[in-house]
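Student: I would like to learn how to read a few features of a protein model. Can we take them one at a time?

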Amino acid sequence: MYNNVGPQPGVPRPPTNPQPNPFGNSFYGAGSGLMKGGLGAYGEKILGSSSEYVQSNISRYFSDPQYYFQVNDQYVRNKLKVVLFPFLHRGHWMRITEPVGGRLSYKPPIYDINAPDLYIPFMAFGTYVVLAGLSLGLNGKFSPEALNWLFVKGLLGWFMQVALLKMILLSLGSGEAPLLDIVAYAGYTFTGMCFAVLGKILSGYSYYILMPCACLCMGIFLVKTMKRVLFAEVRSFDSSRHHFLLLLIALVQFPFFAWLGNVSVNWFL
């Protein structure tokens with residue numbers, strides 16, 4: 001009811017649109033623009049540097065998973081020869097680099113026989129599980145639970161091989177090798193393991209010949225490969241220590257192969 005009272009005669013009305021302060025808005029606009037511009041540039045700098053840091057570390061430690069599946073039939077055949085018969089490999093063991101985006105990058109496996117891939121390790125791991133299940137079936141011990149145990153046992157063995165290679169690199173002060181590279185190198189173990197298990201299926205005596213040969217070949221392959229990785233990544237060089245650790249990698253393959261090659265549902269045998 002009080003809002004309906006009109007203006008009284010003789011009483012001046014207050015101005016409805018007061019004059020703006022000519023200095024206040026200018027100072028406010030300049031201050032706000034300065035704050036927005038400064039904070040925006042600072043934020044872009046922080047976000048840009050952080051994104052570059054994250055991308056560089058992701059590419060350093062994990063790489064692009066698609067890189068490891070760029071293979072063809074010729075690469076698979078040649079790579080299997082290198083893994084199974086490393087002493088016959090007459091070429092170099094260094095990876096081929098190419099400039100990409102202003103920096104050097106390794107060529108994919110389809111163009112470099114020494115590049116690691118994940119296609120062969122995954123196929124070899126699946127073949128190992130199938131052959132191990134077939135071996136259990138021929139001995140009258142097959143069951144879905146036993147096949148699951150073999151699958152888990154194989155994954156555990158793969159993880160142990162990765163942990164061994166990673167710890168050796170860390171002990172030498174070189175933890176910058178991409179993780180998927182190490183996973184690929186460790187997964188090549190199952191290529192020789194498949195031939196050893198196949199020898200057990202065909203003839204029990206051939207197993208005792210193929211198993212030591214597979215261990216020896218895998219040891220040579222890992223020593224050659226890790227030697228290239230060590231010399232490329234490690235900043236400080238200690239010849240005696242390197243040779244000792246490389247020998248350790250080769251020797252560990254014998255109990256490791258014996259454990260995975262003994263197809264059973266027992267974890268320790």
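Tutor: Helices (H or I, at least four residues) and strands (E, at least two) are DSSP runs, numbered from the N terminus. This is a predicted model, where local features need pLDDT of at least 70, side-chain atom pairs count only at pLDDT 80 or more, and totals for chains, interfaces and linings use all residues. Residues are numbered from 1 along each chain as its sequence is written, and side-chain values use heavy atoms, with hydrogens and water left out.

Student: Why does Lys 224 count as partly exposed?

Tutor: Buried means under 20% relative accessible area, exposed over 50%, and partly exposed in between (1.4 Å probe, protein chains only). Lys 224 counts as partly exposed because its relative accessibility is 40%.

Student: How many salt bridges does the rule count?

Tutor: A salt bridge is a side-chain nitrogen of Lys or Arg within 4 Å of a carboxyl oxygen of Asp or Glu. The count here is one. It joins the side chains of Asp 181 and Arg 95, at 3.0 Å from N to O. The two lie in distant parts of the chain, 86 residues apart: Asp 181 in helix 5 (residues 179-187), and Arg 95 in the loop between helix 2 and strand 1 (97-100).

Student: Are Asp 181 and Arg 95 buried or exposed?

Tutor: Both are buried.

Student: Which residues line the largest cavity?

Tutor: On a 1 Å grid over the protein atoms alone, a cavity is a set of points where a 1.4 Å probe fits but cannot get out; a pocket is an open set with protein on both sides within 12 Å along at least five of seven lines; lining residues have an atom within 4 Å of a point. Grid points are joined across faces, edges and corners, and a volume is the space filled by probe spheres set on the points. The largest cavity holds about 50 Å³. Its lining includes Lys 79, Trp 93, Tyr 185 and Arg 228. Helix 7 gives the most to this lining, with three residues.

Student: What is the second largest pocket like by volume?

Tutor: It has about 200 Å³ of space. Of its 16 lining residues, those closest to the centre are Leu 84, Phe 195, Cys 213, Ala 214 and Cys 217.
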